[in-house]
Amino acid sequence: MALGYLALVLHAHLPFVRHPESDFVLEEEWLFEAITETYVPLLQVFEGLKRDGVDFKMTMSMTPPLVSMLRDELLQDRYDAHLAQLEELIAKEIDRHQHNGHMLYLAEYYANSFSQIRQTWVGYNRDLVGAFKQFLDSGNLDIITCGATHGYLPLMKMYPQAVWSQIKVACEHYEENFGRAPKGIWLPECAYYEGLERMLADAGLRYFLTDGHGILYARPRPRHGSYAPIFTETGVAAFGRDHESSQQVWSSKVGYPGAVEYREFYKDLGWEAEYEYIKPYIMPNGQRKNTGIKYHKITSRDGGLTEKGLYDPYWAREKAAEHAGNFMYNRERQIQNLSGMLQRPPIVVSPYDAELFGHWWYEGPQFIDFLFRKSWYDQGTYDMIHLSEYLQQQPTQQVCRPSQSSWGYKGFHEYWLNDTNAWVYPHLHKAAERMIYLANREPADELEWRALNQAAREVLLAQSSDWAFIMRTGTMVPYAIRRTRSHLLRFNKIYDDILIGKIDSGWLEKVELIDNIFPNINYRTYRTI
């Protein structure tokens with residue numbers, strides 16, 4: 001019998017970026033990079049585990065914006081073109097490095113990788129959501145939902161209808177795509193405020209994730225700390241992040257991804273190659289960009305980007321296996337120590353952004369592969385488990401009130417509300433207030449019905465926490481500002497047009513084409529809570 005449990009949780013999310021009105025928008029490549037480096041490699045790991053009889057268990061959120069983009073035909077077509085361009089470029093790289101042994105080795109490695117990605121992409125008929133659903137149906141994945149557009153819920157709580165819409169629309173969208181109701185929810189940015197659990201319960205959700213201090217500072221103090229979920233007074237369970245296992249992967253100073261053998265993210269062919277050579281594969285306006293082809297390893301944690309050795313996938317894979325073994329060993333010792341102190345089998349909850357594995361940490365999917373295999377074959381201290389399965393096995397938990405929290409800087413709301421982004425909130429609050437007012441209308445005709453539903457979409461899209469996050473990080477800030485303003489401007493035009501009874505049908509049709517998320521949305525979700 002295992003002494004405890006390890007729950008690996010991946011949060012798969014990207015903001016809704018889709019621009020049919022333009023032939024090229026750089027930010028659409030966020031999705032294409034994640035498909036190539038994270039989502040397809042994860043599916044390949046899952047396929048290999050199933051093929052080899054490893055009964056892996058993992059919880060994974062797939063947010064509504066990500067699901068919508070993965071199933072969008074326009075973006076699927078554009079990813080086809082993106083991948084074809086990569087395949088063309090790497091073929092040229094093979095020719096270019098015919099007389100450079102190690103560079104040729106790397107170019108051929110990338111060519112083989114892109115070929116396998118193409119096979120997986122085509123093999124699933126470009127439907128990666130359906131691909132992940134297969135592992136949900138087989139019981140290996142417990143796929144959960146998130147806020148409809150990843151809205152930062154504690155900063156909306158003065159308008160409960162806005163919070164409810166983020167939750168309700170997400171649950172409905174999940175059911176449309178996965179054929180069942182979600183069991184759990186990854187709260188956007190793991191951000192919780194007291195009372196939120198009542199809406200989660202009303203939506204039929206069984207559990208949510210929060211940061212560890214949201215559990216540790218609960219009232220009364222949980223007797224098992226963050227190594228067991230707590231039940232809120234509504235019956236919805238809260239799981240807290242384990243900081244010890246998180247630091248081993250997340251930390252920029254001591255975390256695994258900083259190992260010198262791993263691929264260097266910041267030296268990319270798009271910036272390194274001669275301009276005329278790389279020009280067909282960068283931005284149409286001639287600006288350089290990342291291509292995803294990177295030939296160097298980290299080499300030194302403290303060095304700059306100039307003195308970097310060449311990457312070797314073989315030794316990087318060996319290091320990923322070593323780190324997976326170390327992670328397993330540490331969880332064994334951790335769970336052995338905890339099992340002697342707690343009155344029930346402890347659960348170590350290890351949540352991460354999915355895009356860390358593959359995109360930022362290129363060898364991350366290999367790490368996950370090795371971790372599942374080693375946990376299956378090489379130890380008997382813990383079982384890997386879904387969060388929902390743990391609740392089934394341990395149906396009795398302490399009842400507490402979680403503490404307000406997030407997994408952001410300093411553990412609360414500062415990263416999403418500061419001098420870089422505070423200007424957005426008066427506008428978001430006003431839009432929520434106006435949407436609640438509109439929700440009490442009955443449409444006069446089909447055109448007004450469409451306008452009301454589009455108004456709801458625009459408010460949801462403006463509320464995405466990604467825009468405030470980007471403003472704070474200082475990267476791609478003009479795009480985040482433009483997106484926030486555009487959704488608010490579109491909403492306010494719809495609001496004014498409805499009130500004066502003159503809806504611009506041609507303009508509305510264009511906006512419906514651009515912001516086409518949640519095709520079955522009902523604006524009345526803003527009416528009741």
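How many salt bridges does the count come to in this structure? The count comes to 35, where a salt bridge means a side-chain nitrogen of Lys or Arg within 4 Å of a carboxyl oxygen of Asp or Glu. This is a predicted model, in which local features need pLDDT of at least 70, side-chain atom pairs count only at pLDDT 80 or more, and totals for chains, interfaces and linings use all residues. Residues are numbered from 1 along each chain as its sequence is written, and side-chain values use heavy atoms, with hydrogens and water left out.

**Salt bridges**

- Arg 71 pairs with Asp 127, and their closest N and O atoms are 3.0 Å apart.
- Since Arg 71 sits in the loop between helix H2 (64-70) and helix H3 (73-96), and Asp 127 in the loop between H4 and helix H5 (128-137), the pair ties together parts 56 residues apart in sequence. Helices here are DSSP runs of H or I with at least four residues, strands are runs of E with at least two, and both are numbered from the N terminus.
- Arg 71 is partly exposed at 33% relative accessible area, and Asp 127 is partly exposed at 22%. The cut-offs are under 20% for buried, over 50% for exposed and anything in between for partly exposed (1.4 Å probe, protein chains only).
- Glu 233 forms a salt bridge with Arg 401, with 2.8 Å between the closest N and O atoms.
- That pair links distant parts of the chain, 168 residues apart: Glu 233 is in the loop between S6 and strand S7 (237-240), and Arg 401 is in the loop between H14 and H15.
- Glu 233 is exposed, with a relative accessible area of 51%, while Arg 401 is partly exposed at 35%.
- Lys 493 and Asp 497 make a salt bridge too, with the closest N and O atoms 3.1 Å apart.
- Both of these, Lys 493 and Asp 497, lie in helix H18 (residues 477-500), 4 residues apart, or about one turn of the helix.
- Salt bridges that share partners also join Asp 77, Asp 80, Glu 87, Arg 118 and Arg 126 into one network.

- Strand S1 (residues 4-12) is mostly covered, with 9 of its 9 residues buried.
- Gly 4, Leu 6, Leu 8, Leu 10 and Ala 12 point one way from S1, while Tyr 5, Ala 7, Val 9 and His 11 point the other way.
- In a regular strand, side chains alternate between the two faces of the sheet.
- S1 pairs in the parallel sense with strand S8 (residues 347-353) over 7 bridges, where pairing takes at least two DSSP bridges between two strands.
- S1 also pairs in the parallel sense with strand S9 (residues 382-384), over 3 bridges, and runs parallel to strand S2 (residues 58-62), joined by 4 bridges.
- Tyr 5 has Ile 347 as its bridge partner in S8 and stands opposite Asp 383 in S9; Leu 10 has Met 60 as its partner in S2.

**The open sheet**

- 4 strands make an open sheet with mixed pairing, in the order S4-S5-S7-S6.
- Strand S4 (184-186) and S6 are at the edges with a single partner strand each, so one side of each has no neighbour in the sheet.
- S4 pairs with strand S5 (residues 207-210) in the parallel sense over 3 bridges, and Gly 184 has Tyr 207 as its bridge partner in S5.

- Most residues other than glycine have a negative phi, and most peptide bonds are trans.
- A cis peptide bond joins Arg 219 and Pro 220, with omega at about -10 degrees; Pro 220 is in the loop between helix H8 (212-216) and strand S6 (230-231).
- Lys 410 has a positive phi, near 65 degrees, and is exposed at 57% relative accessible area.
- Phe 518 also has a positive phi, near 55 degrees, but is buried at 3% relative accessibility.

**Helix H16**

- Helix H16 (residues 446-462) has 17 residues and reaches 24 Å from first C-alpha to last, close to the 24 Å expected at 1.5 Å a residue; that expected span is 1.5 Å times one less than the number of residues.
- 13 of the 17 residues of H16 are buried, so the helix is largely enclosed by the rest of the structure.
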